[in-house]
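Here is a short note to go with the structure below. The points can be followed in order, with the coordinates open alongside.

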Amino acid sequence: MDEHSQEEITEEQTGTSSFIQKLYRPGPLIFLFSVAFIGLLSLGYFLLTEETPPPAIIAQTPPAPPVVKVYEEDTASEMEDMVKQADLAIIETMRGLEMEMGELDLLDVEMRKLNGRGYHFQVLQLPAVADKNMFFKVLQTNLAKRLPDVSTLTVADTSGLSIAINALPTHKLMLETIPMTLPKPQAKGPKLAIVIDDVGENMKVLKGLVNLDFPVTLAVWPNASNTRASVELVIQKRKDLIIHFPMEPKAYPKYNPGDDALFVSMTAEEIKKRVAENVAKIPEAIGVNNHMGSKFTGYAPGMNIALAEFKRHGLFFLDSLTTSKSAARASARKADIQFYERDIFIDNVKDVTAIVHQLKKAEKVALKQGYSIAIGHPYPETLAALKVWNAGRNKDILLLPLSKMATQ
């Protein structure tokens, strides 16, 4: 290697060494470490402050609302049910003013009609009211809560008040104990039958009902949770047993009578088959009444077939009268079947005192027309009310099982 090349290598090595020596001097090293440190701080700040993206949302099907089994059609807009709400307002007023409930007396009841449906006008004797103004105010408040915008309360005379619903008089309240001039009907062998619908679910209440010391007629669902156990208990206690036969209501499917019901869309053969199926589940039954059925009982072609089938199976028919346009009576004539018709529902309001009041109405109806059929349900309040009512009921009225009542 020549001298010139040797010098280039020496200079190159000397330049590199010189750069390294310069790099490792305190000033450049501090600069480089500072840049690296700032870089690390920036990276850390970015990682710590960056918003974490929300987790992916997985679409979930909301849980289905619980299925509520509706046992009865809603008749709250019917005049008779509004009358019962006014009854309850009177009872609540008496309770609030600590009046003696046992002194509430039903002096008279009269069946009136609105759009073909019956409702009861009644005259009530209340215990003597010391502060009539207070009674008026409290009753007016209770009526407004239960019947907003439809009820009015007026002073009839110095001794009483009058209630009207949608401008139709429904109640006359006597606030002073005075001799009544209203004619009191003479009992000429009046008869009353009490029917309990919807039997087959609540066995505890059923046991209380069959052990009452007066006759009741039990209407059992053909497809209830305890149909067979209920039937056997009713037969054992020798009570009248009928089939509570599901039929299509006007508001179906909002009010669903069940898959075992009669529907207006059925053919004649389908109706006959459905009747046979349900009768086979309660062969001990002696009669039938409708569960719901405001649409089917108003459908004459279907009712003609159904009642003819009931007659063929040796059963009578009780129209629960869930519609004013029921074809049941006319169909019963065609089928020549033993026929009855309900007069009063006793327990639309689940209150013992209110139910006792409805039973007293049933008594008055029996005294006036010679017979009365009342329908209730297996509620604990109904059982309690029947016991209370029986202790003080009119003994001139004969309580009978439905099968012993004269046909209508």
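Which backbone nitrogen lies 2.8 Å from a polar atom of the side chain of Thr227? The first point takes this up. The model is a predicted one.

1. **Thr227 and its polar contact.** The nitrogen in question belongs to the backbone of Ala224, and a polar side-chain atom of Thr227 lies 2.8 Å from that nitrogen. Thr227 is found in helix α6, which covers residues 227–236. With a relative accessibility of 9%, Thr227 counts as buried, because the cut-off for buried is under 20%. Apart from neighbours within four places in sequence, the residues in contact with Thr227 are Gly200, Val220, Trp221, Pro222 and Ile282.

2. Gly200 sits in the loop between β6 (191–199) and α5 (203–210). Its relative accessible area is 3%, and Gly200 is buried. The C-alpha atoms of Gly200 and Ala224 are 5.1 Å apart in space, while the two residues are 24 residues apart in sequence. Leaving out neighbours within four places in sequence, Gly200 is in contact with Ala224, Ser225, Asn226, Thr227 and Ser230.

3. **The five-stranded sheet.** Five strands make an open sheet in the order β1-β2-β5-β4-β3, and the pairing is mixed. The edges are formed by β1 (105–114) and β3 (151–157), each of which pairs on one side only. From one strand to the next, the twist averages 25 degrees. As background, strands of a sheet pair through backbone hydrogen bonds, either parallel or antiparallel. Here β1 pairs with β2 (residues 117–125) in the antiparallel sense, over nine bridges.

4. Helix α10 (residues 352–369) lies across β1 and β2, and runs at about 75 degrees to β1.

5. Side chains of opposite charge can pair when their charged atoms come close. The whole structure holds 13 salt bridges. One of the 13 joins Glu92 to Arg146, with the closest N and O atoms 2.7 Å apart. Glu92 belongs to helix α3 (residues 79–96) and Arg146 to helix α4, so this pair ties together parts that are 54 residues apart in sequence. Glu92 is partly exposed, at a relative accessible area of 26%. Arg146 is partly exposed as well, at 29%.

6. **Salt bridge Arg95–Asp351.** Between Arg95 and Asp351 the closest N and O atoms are 2.9 Å apart, and the two form a salt bridge. Arg95 lies in helix α3, and Asp351 in the loop between β12 (344–345) and α10, so parts 256 residues apart in sequence are tied together. Arg95 is partly exposed, with a relative accessible area of 39%, whereas Asp351 is buried, with 14%.

7. **Salt bridge Asp108–Lys368.** Asp108 and Lys368 form a salt bridge in which the closest N and O atoms are 3.3 Å apart. This pair links distant parts of the chain, with Asp108 in strand β1 and Lys368 in helix α10, 260 residues apart. Asp108 counts as buried, at 12% relative accessibility, and Lys368 as partly exposed, at 44%. The helix in this pair, α10, lies across β1 and β2.

8. Which residues of α9 are buried? In this helix (residues 328–335) they are Ala328, Ser331, Ala332 and Ala335. Seen down the axis of α9, these buried residues fall within an arc of 105 degrees, so they line one face of the helix. The face turned away from the buried side carries the exposed residues Arg333 and Lys334. Among the elements that cover the buried residues of α9 are α8 (300–312), β10 (316–319) and β11 (339–341). Just after α9 comes Asp336, which takes a positive phi of about 55 degrees.

Technical notes:
Residues are numbered from 1 along each chain as its sequence is written. This is a predicted model: local features need pLDDT of at least 70, side-chain atom pairs count only at pLDDT 80 or more; totals for chains, interfaces and linings use all residues. Side-chain values use heavy atoms; hydrogens and water are left out. Buried means under 20% relative accessible area, exposed over 50%, partly exposed in between (1.4 Å probe, protein chains only). Helices (H or I, at least four residues) and strands (E, at least two) are DSSP runs, numbered from the N terminus. The arc is that of the directions from the helix axis to the C-beta atoms. Contact means heavy atoms within 4.5 Å. Two strands pair if DSSP finds at least two bridges between them. Axes are lines fitted to C-alpha atoms, for helices over the stretch in contact, and angles run from 0 to 180 degrees between N-to-C directions. A salt bridge is a side-chain nitrogen of Lys or Arg within 4 Å of a carboxyl oxygen of Asp or Glu. A polar contact is a pair of N or O atoms within 3.5 Å; within protein, one must be able to donate a hydrogen and the other to accept it, and residues adjacent in sequence count only if both atoms are side-chain atoms.
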